[in-house]
Amino acid sequence: MAVNARSLATGKCYAMSTSGIRRVLGIKGDQVTYEVRGKKAREPTWGSKATVDVATFAADADREVSADFDPVSHAGPAV
């Protein structure tokens, strides 16, 4: 399930089809820069950063979630 590319915004977090969480750091033109957090909310640090095109990011995102969402246990509120 993809999210609408127009709804992407800096600071929002998204559960990805890979079960990880990505937080948008910025959007410039058709590129989105994001950082990744592991699959568990207990992993408090955000990891590597990357940049992809907006369409790819939106296609890979399942839904918007809170930053503390745990995709493994489904704990934490979806937004």
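Eleven residues make up the largest nonpolar core of this predicted model: Val3, Leu8, Tyr14, Met16, Val24, Val32, Tyr34, Val54, Phe57, Ala58 and Ala61. Helix 1 gives the most, with three. Apart from this core lies another, of six residues, including Ile21, Trp46, Val65 and Phe69.

**Aromatic pairs**

The whole structure holds two aromatic pairs.

| Pair | Centre to centre | Angle between planes | Geometry |
|---|---|---|---|
| Tyr14 and Phe57 | 5.6 Å | 90° | edge-to-face |
| Tyr34 and Phe57 | 5.5 Å | 55° | tilted |

Both pairs link distant parts of the chain. Tyr14 sits in strand 1 and Phe57 in helix 1, 43 residues apart. Tyr34 belongs to strand 3 and is 23 residues from Phe57. Tyr14 and Phe57 are both buried, and Tyr34 is buried too. Together, Tyr14, Tyr34 and Phe57 form one aromatic cluster.

**Arginines**

Arg22 lies in strand 2 (residues 21-28). Arg22 is buried, yet has no salt bridge. The nearest side chain of opposite charge is Asp60, 4.4 Å away; a salt bridge needs a nitrogen within 4 Å of a carboxyl oxygen. Beyond its neighbours within four places in sequence, Arg22 is in contact with residues including Tyr14, Met16, Tyr34, Trp46, Phe57 and Asp60.

Arg37 lies over the face of Trp46, at 5.7 Å from the ring centre.

Methods
Residues are numbered from 1 along each chain as its sequence is written. This is a predicted model: local features need pLDDT of at least 70, side-chain atom pairs count only at pLDDT 80 or more; totals for chains, interfaces and linings use all residues. Side-chain values use heavy atoms; hydrogens and water are left out. A nonpolar core is a set of buried Ala, Val, Leu, Ile, Met, Phe, Trp, Tyr and Cys residues joined through side-chain atoms within 4.5 Å. Buried means under 20% relative accessible area, exposed over 50%, partly exposed in between (1.4 Å probe, protein chains only). Helices (H or I, at least four residues) and strands (E, at least two) are DSSP runs, numbered from the N terminus. Lys and Arg count as positive and Asp and Glu as negative; His and the chain ends are not counted. Contact means heavy atoms within 4.5 Å. Rings of Phe, Tyr and Trp (its six-membered ring) pair if their centres lie within 6.5 Å; planes under 30 degrees apart count as stacked, over 60 as edge-to-face and the rest as tilted. A charge sits over a ring if NZ of Lys or CZ of Arg is within 6 Å of the ring centre and within 35 degrees of the ring normal.
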